[in-house]
Structure formats: C-alpha cells, structure tokens
Amino acid sequence: MNRYPFEYEPSKPIVPQIGEWVADVFYDILPEAGFEVRDEQIYMAFQLEKAFADKQTIFAEAGVGTGKTLVYLLYSICYARYHRKPAIIACADESLIEQLVKPEGDIAKLARHLGMTIDARLGKSQDRYLCLKKLDNARTDYEEPELYKDIYEQLPAFVHKSEGMQAFHAYGDRKQYPHLNDEQWERMNWDPFQDCFVCDKRHRCGQTLSREHYRQSADLIICSHDFYMEHVWTYEGRKREGQLPLLPEHCAVVFDEGHLLESAAQKALTYRIKHPIFEELVTRLLKNEMRETLAVFIDDAIERSERLFELLEKHSDAIAGSDRRHIHVNKELIQAVSRLRESLDGIEEELVFESELYNLDGYQLRIVEEHLEMMQKALSLFQSSDSLICWATDSPTGLTLVIMPKAVKEVLRERVFALNMPVVFSSATLSVNDSFDYLAYSLGVSKYLSFSVDSPYDYEGRMEISAPRLSNGQSYSFEEKAQAAVQALLRTEGRALLLFPSREELKRFKEAIPALPELFGMRFGFEGDREISHLIADFQSDETSVLCAVTLWEGLDIPGPSLSNVIVWSLPYPPNDPVFMAKRQEAASPFEEVDMPYMLLRLKQGIGRLIRTRDDSGSITILSAELHSDAELRAQVQGILPQGVVLRDHPLSEWKR
Ligand code: SF4
C-alpha cells in the first residue's frame, strides 16, 4: 500500500506536496464524485498549509457548510504518515467523536471517494468504560443486582479466566450498553477514584485493552477535549509511575469546536479529594510493619480529614440547577485544612525513613506518595490563594472536595503550544468582534495565524426565527412555555430538537408530557435516558421524533427533515455554579463580560443546528419574555443571527401549520 495518496518526492518538503494534492482533491477529485467546489474550503486549505508548514497554531473560523472538517482531516492524515506518528483530532465531547466516524461521517466519505484506507481510532475518555471493580460492587448492591449480573455474564470469556490471554479485544465501552440510563451507567463505570495502577484486573480491563488498540493508530486518534487535557495533565505523573501517557507521541492536534477548550482544560486540571479514598489508601499502609510515629501520623490524618469533610458538609449548600455545592470558605475550614496538612507533612517525612528501611511495598509506597502530593498541592491552593475555584459534590459515599485553578494558560502554553507542532482550532465561533485575541489570551497562545470564512448557505431564504409573545409578563411560566412548545412541535409534526438550559428543566418537561394530549403518539428521546450516540442515531432515522437535550447546543449534525425545528426553551445563560461565580467576581461588568457573551455564543451554536446542508430549511423558536422587554438584549440576539435573518415575534395564533 502506498504511504501517501500522491506521488511523494523525497527531495522536496512534504507540506507543499500535501497542499498540491489537497487542491487536486477539492478542485477535481471530489467534484467528479458529485461534490461542489467551495471557494471557502479551498481558501481554508491554503491557510492550513501555512500552519502545517511552519508548525504554528491557527484559529480557523469557518461557518457551517464550508467543509472545514475535510480540510483538516486531509492535512492531518498525510502529515501523520510523513512523521509516522498519529495526529490527534480532539472533539468537544464524546457524542461528536462518534459523529466523525459514523458510516455517513466525514472520514468514511473521504475513504470512499478518495479510495483511501484511513486508520482512525477512538480514544474515549476513561469514564466511557466499564470498571470491573465497580461492576463487582454493583452486582452485590441492593439496587438492581440482576441488571449488573447480566452485564457481568456477558463479558468476554477471557475476563473471567486467570490463565494467559491468547486472543483478547477491547470491550466495556458505554456505547455497548445503550439501554442503561446515565445513573445506572455511573454505578459501574470508571471514575477518578479508581486506582487502576494497583488494580489486579488491569490487564483484563476493557479500558486498558482499548488503550492498547488506539495507540497503534497510524493516521488519526479521535478523542474528546476532556481526554486530551487529561492526557496533558497526567503526562508527567504517569511517566513517573512507570505508566504510559494516555495518548502516544503525536505530530499535530486539531481542536474541533476549539472555543470550548478552556473549560475542558479547567476541568482536567482539577484536584479531587475524598475522605473514604484517602482513608483506604493510608489504612492499607497500616497493614505493613512500620515505625510507631508513622502509625500515629496516619491515625491523626484520618481523624483530621474526617473532621474537614464534616465541616465542608456544614459550610456548603446546594446550588439550584447544578450538581455542585457552594463552599463558604471561612476561618474554621482554613484551620481544618492547616491541621490536616500538618499530619500529611508528618506522614511524608516518615515515609522517607520507611523507604530506606524497605519495610513497605515499593508500589504501594509510590501510590500513597503521589496521592499525598496531590492532596498537598490542592490543600495549599485552598489555604492561600485567590486563584482557585472550589466546590463540593455529593454522592452516596460522601462529599468530594474539588479544587480547580482559575487560569489554565500557563499549563497549556508549556505543555501544548510550546511543543513545536501544528495546532488547529476549528469552529464557527472563535472570534469576538472580529478579533481572536480574547481566545488566544485565555488559552495562553502568544503567536498564531487566523482566518474567518462565512457559511455559504442561504439562511435568509431557508431559516425562520421567532420569539412568540406568550403573555405580557416579565418571564413566562412553565405552562406557557409548554403550550408554546406543543404548538411549535405540532407545526412540524415532530422533527424537532428541544434545547434546555439545565437537566432540571428537561426533566420537568418530560414529566409534563403525559398531561399534554396534543403530543400523544409523538415519540421523544431524552438526553440521559440512554447512551447519547444511540439516542442521536434514532432521532435521525425516526424522522418525526423529537430529541430533548441539554448538552447538544454544539456540534450536533443532523442534515435533512429529521431536524426541521429547533425550540430554545430559554436563553442559555451560564449556570450559577462556582466556575461562573469566579468569572463574574473577576469581571468589572459581570453580565456584559461573562453572562451575555456565554449566552450569545451558546445560542448561536444552538441556532446553527438547523441548517446543515444547502437543502435544509426550518424554523427556530425562542421562548423568552426578556426578548420583548429588553431592547438591548434583543439587539444583541439579532446581532448573532445569520445575514438577512430577522427575529420576529408572531403571536402563537398566527403560526402557520
Ligand atoms: S483497571 Fe481501573 S477501570 Fe479497570 S477494573 Fe481496575 S480499577 Fe477498574
């Protein structure tokens, strides 16, 4: 098999040769297969050639329908073959990585029309895999043990055998369990508190096996932003522990929907501390022979950690619309943290002596040292700095303290942008007021290339957008919105995507449906009820069904009549959780600098779900009373609409069916 899809000339630099071939693809090969020649796509290809030739970072802002994915895929594949290292395509979330590799997706399209074999493998996030340890617990749990017993029995035979594995394969992916809802899945999937490094099932675990599979990819590894950032963040630590980094050496990275990278980076850089995990870890040490002083420090630390978590419970409260608890940091908490840190210092010092005596198992010792180091870093941030965001999350096994740095740019600058490789940010929304500086600054990118190209579609003729006036109130009641949603759904006989700003609102609508007789017989899919890629595939194939979602404002790509109607339940302002509270605190005008830009960007993305091809058309309905009472807000929303599209406010009674 030829390494390149063109005649390679070794005496000449590779990137211009890739560029020439890419031009042939867009001018000749794809048009012969029925694709149209798109000027925007060819322009983008020339821009990307510069970034790959000079190993630079590029912000590639391109509207829907420009065919941007095909451009970055072609460069990435050829560049990977030249360097003999895969390129990474990082998508905003797990449902988007599935869209890229689906049978009618862009990779399959290229393979078919260019006659290429493309080696593209998925590197899914750790929490997308079943954990054998947790499955064991779930099987003996009082909640639905039969469900987990069945899953256990259907695992590949080699999982249950102790002898060497002749033939093994990856398994345990979330996608293989579409019937489980998110809650059921979370009882058996990997979570950050699983200690894989010391797990005796590691070599038979589906997650380990999948990692071995995607590492061998010759062309592309497709993962989520979260997973890429997890790789960046754990790279040094894993190497220190003698483990392979999550991703192999790679030659380039593309961040699709790159405007979302900052939040993925923040999420990956979080520290999580949980009392039962800490207690279990250090109690394991107590089973060894050790000096009494160490045993005393361990007992003290357990007691102090327990006390700290009691205080966290006392000084935190639930945030509506979020699963996070707001922590009221005060003197008592800071003192409890100091006392715990003193005990941790003591354990760390004692472990230095113990390691010289060789009483403790070396592996175990390293795990404990790593965990203590992480706790010390996190707790010192908690004690002394204004530059962190913290919150607590609740679970049946107790509170987790989560600590996240506010600024991630130093880490990104050092561990991503300084690596001398091309980095592509691709999205329809990267610039603010025609400048990329805001994004570049927040991500720590000091030198970059950039360009913008608009969508070639006729939005004015194919998209209708309205904000119906439901009453004269300052806000609409749930019942008013539900009735408006019913009218909008009847208008297109389903074929709709309903976008909610929170899980609570989605749940309330779901519970209200049985009492809305007009909707009898209409088929609904709800995010969280089943595995997301199955939910999306069913929505696409069942033309008159309705999809209700919270996270699909971005990236969902359903061309054709199945998605002819987008209903925005309310304007998607950011939640009132600690991450946004911290951003607001830093801003001179929080609403203008934080809430409004977030809402406009998300709304623009949500609106972008409707027209995915030149032939698509349909309507968008925004259920917002503020759009009738706040002229400035209305002007801002009008400002993000595609050229020529005007926000109208027909009363519901005037809607045509
Ligand atoms: S290796 Fe990790 S994910 Fe796999 S079974 Fe063990 S603890 Fe669970």
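Analyst: One definition to start. Ala, Val, Leu, Ile, Met, Phe, Trp, Tyr, Cys and Pro count as nonpolar; Asp, Glu, Lys and Arg count as charged; the others, Gly among them, count as polar. Keep in mind that this is a predicted model.

User: How many residues of the shell around the ligand are nonpolar, how many polar and how many charged?

Analyst: The ligand is surrounded by Cys131, Leu132, Lys133, Trp190, Gln194, Cys196, Cys199, Lys201, Arg202, Cys205 and Gln207. Sort them by type. Gln194 and Gln207 are polar, while Lys133, Lys201 and Arg202 are charged. The shell therefore divides into six nonpolar, two polar and three charged residues.

User: Which domains does the domain assignment of the protein give?

Analyst: The assignment names three stretches or sets of stretches. Domain 1 is made of 1-119, 217-268 and 408-455. The others are domain 2 (271-405) and domain 3 (459-654).

User: With which residues is Leu499 in contact, leaving aside its neighbours within four places in sequence?

Analyst: Leave aside its sequence neighbours within four places, and the contacts are Ala549, Leu552, Trp553, Val566, Val568, Trp569 and Gly606.

User: How many residues does domain 2 give to its contact with domain 3, and how many does domain 3 give?

Analyst: The C-alpha centres of domain 2 and domain 3 lie 42 Å apart. Still, the domains have a contact. Domain 2 gives eight residues, and domain 3 gives eight.

User: Which strand gives the largest share of the side of domain 2 that touches domain 3?

Analyst: Two strands, E8 (324-327) and E9 (388-393), each supply at least two residues of this side. By type, the side has four nonpolar residues, three polar and one charged. The largest share is three residues, and it comes from E9.

User: How wide an arc do the buried residues of helix H10 cover around the axis?

Analyst: The buried residues of H10 (206-215) are Gly206, Gln207, Leu209, Ser210 and Tyr214. They pack against strand E3 (120-123) and strand E4 (220-224). They sit on the same side of H10, because the arc they cover is only 160°.

User: Is Glu144 buried, exposed or partly exposed?

Analyst: Glu144 is found in the loop between helix H6 (132-140) and helix H7 (145-153). Its phi is near 50°, a positive value in a residue other than glycine. Glu144 has 14 C-beta neighbours inside 10 Å. Buried needs 20 or more and exposed needs 12 or fewer, so Glu144 is partly exposed.

User: And Asn420: is it buried or exposed?

Analyst: Asn420 lies in the loop between helix H17 (409-417) and strand E11 (423-427). Asn420 is not a glycine, yet its phi is positive, about 55°. Asn420 has 7 C-beta neighbours inside 10 Å, so it counts as exposed.

User: How far apart in space are Arg341 and Gln383, C-alpha to C-alpha?

Analyst: Arg341 lies in helix H15 (residues 331-357) and is partly exposed, with 18 C-beta neighbours inside 10 Å. Not counting residues up to four places away in sequence, Arg341 touches Gln376 and Leu379. Arg341 and Gln383 are 42 residues apart in sequence, and in space their C-alpha distance is 10.0 Å.

User: What distance separates the C-alpha atoms of His179 and Leu261?

Analyst: His179 is found in the loop between helix H8 (157-160) and helix H9 (182-186). With 11 other C-beta atoms within 10 Å, His179 is exposed. His179 and Leu261 are 82 residues apart along the chain, and their C-alpha atoms are separated by 30 Å.

Conventions:
Residues are numbered from 1 along each chain as its sequence is written. This is a predicted model: local features need pLDDT of at least 70, side-chain atom pairs count only at pLDDT 80 or more; totals for chains, interfaces and linings use all residues. Two residues are in contact if their C-beta atoms, placed from the backbone, lie within 7 Å. Helices (H or I, at least four residues) and strands (E, at least two) are DSSP runs, numbered from the N terminus. The arc is that of the directions from the helix axis to the C-beta atoms. A residue is near a molecule or strand if its C-beta atom, placed from the backbone, lies within 6 Å of it. Domain bounds come from an automatic or database domain assignment.
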